Amino acid sequence: ILKDQPQHPDALHLLGVMAHQLGKSDIAVNLIEQAIKANPDEPDFYNNCGEAYRSLQKHELAISRYEQALAIKSDFAGAHNNLGNALKELGRLGEAITCYEQAIAISPDFPMAHNNLGIALKALDREEEAISAYEVAIAIMPDYAEAHSNMGNAFKALGEQKQAVSAYEQALLINPNFAMAHYNMGIALDELGRPDEAISCYEQALAINPGYAEAHNNLGFT
């Protein structure tokens with residue numbers, strides 16, 4: 001299509017999205033920016049351009065693009081969620097929480113927004129509120145391994161190690177190759193005085209990700 005119509009906005013955008021999915025976000029940004037020039041009124045273009053910028057750690061540019069998407073379509077739940085992610089990564093947690101809450105107000109059955117809200121709340125040491133957010137995410141999408149694992153992290157921070165282990169076990173039933181869940185379950189088991197099981201968890205994490213430095217460290221320590 002682009003050989004025939006070099007400024008075809010949809011073709012530029014979709015090729016950019018695929019480049020981003022393949023980890024070539026620098027190429028994605030260039031393509032989607034061209035799509036925006038060809039059609040400046042499409043909110044998806046700005047949102048996906050923001051995602052490519054965010055993966056390049058260019059958070060301010062990402063935020064600008066998400067805000068442009070929302071200027072065109074104020075009820076764009078995905079853009080509110082993605083804006084929250086960029087703000088969270090900059091440490092602007094209060095603003096991120098507001099974005100996630102806006103996404104949820106627009107789309108109450110948006111499990112990723114509930115999960116991301118939980119992450120931001122936990123980062124502010126509001127673990128009980130975080131657990132409530134994870135529970136909603138899991139109620140919407142029961143096989144959401146990341147939400148189960150994140151709930152385990154919140155329980156672990158509260159000193160509720162048995163409940164943390166249970167949450168990690170649920171995450172690993174869904175995704176047995178979830179190295180971080182194996183690692184965090186190892187920490188919880190060690191704190192419960194079950195070092196042999198903790199060692200097994202660290203070894204499983206390392207079998208999945210041999211370069212997992214923290215798991216090597218905790219395995220040696222345990």
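Contact is defined here as heavy atoms within 4.5 Å. By this criterion, residues 24 or more positions apart account for 43% of the contacts in the chain with a separation of 6 or more. The structure is a predicted model, in which local features need pLDDT of at least 70 and side-chain atom pairs count only at pLDDT 80 or more, whereas totals for chains, interfaces and linings use all residues. Residues are numbered from 1 along each chain as its sequence is written, and side-chain values use heavy atoms, with hydrogens and water left out.

The chain contains 13 helices and zero strands, these elements being DSSP runs numbered from the N terminus (helices: H or I, at least four residues; strands: E, at least two). Along the principal axes, the C-alpha atoms fill a box of roughly 65 × 35 × 30 Å. The accessible surface amounts to about 11,100 Å², of which carbon and sulfur atoms contribute 51%; areas were computed by the Shrake-Rupley method with a 1.4 Å probe, and for residues only the protein chains shown count as cover. Of the 222 residues, 48% count as buried, a class defined by under 20% relative accessible area, with exposed meaning over 50% and partly exposed lying in between (1.4 Å probe, protein chains only).

The largest nonpolar core comprises 68 residues; such a core is a set of buried Ala, Val, Leu, Ile, Met, Phe, Trp, Tyr and Cys residues joined through side-chain atoms within 4.5 Å. The residues with the most contacts inside this core are Leu83, Leu117, Tyr183, Met185 and Tyr212. Neighbours within four places in sequence aside, Leu83 is in contact with Ile63, Tyr66, Glu67, Leu70 and Cys99.

Helix α3 (residues 43–55) has 13 residues and spans 19 Å from its first C-alpha to its last, close to the 18 Å expected at 1.5 Å a residue, where the expected span is 1.5 Å times one less than the number of residues. Because 10 of its 13 residues are buried, α3 is largely enclosed by the rest of the structure. The buried positions include Phe45, Tyr46, Tyr53 and Arg54, and the buried residues of α3 pack against α1 (9–21), α2 (25–38), α4 and α5. At the N-terminal end, Glu42 caps α3 through a side-chain oxygen that lies 3.2 Å from the backbone nitrogen of Asp44. Just after α3, Gln57 adopts a positive phi of about 65°.

Seven salt bridges are present, each defined as a side-chain nitrogen of Lys or Arg within 4 Å of a carboxyl oxygen of Asp or Glu. Arg92 and Glu60 form one of these, at 4.0 Å from N to O. Arg92 lies in the loop between α5 (77–89) and α6 (93–106) and Glu60 in helix α4 (residues 59–72), so this pair ties together parts that are 32 residues apart in sequence. Arg92 is partly exposed at 30% relative accessibility, whereas Glu60 is exposed at 53%. The side chain of Arg92 also meets that of Glu95 in a salt bridge of 2.9 Å, N to O, and Glu95 is partly exposed at 38% relative accessibility. In a further salt bridge, the closest N and O atoms of Arg126 and Glu129 are 2.9 Å apart. Arg126 is partly exposed at 33% relative accessibility, as is Glu129 at 41%. Salt bridges with shared partners join Glu51, Arg54 and Glu89 into one network.

Leu173 is located in helix α10 (residues 161–174) and is exposed, with 65% relative accessibility. Its C-alpha atom is separated by 25 Å from that of Thr222, 49 residues away along the chain.

Technical notes: A polar contact is a pair of N or O atoms within 3.5 Å; within protein, one must be able to donate a hydrogen and the other to accept it, and residues adjacent in sequence count only if both atoms are side-chain atoms.
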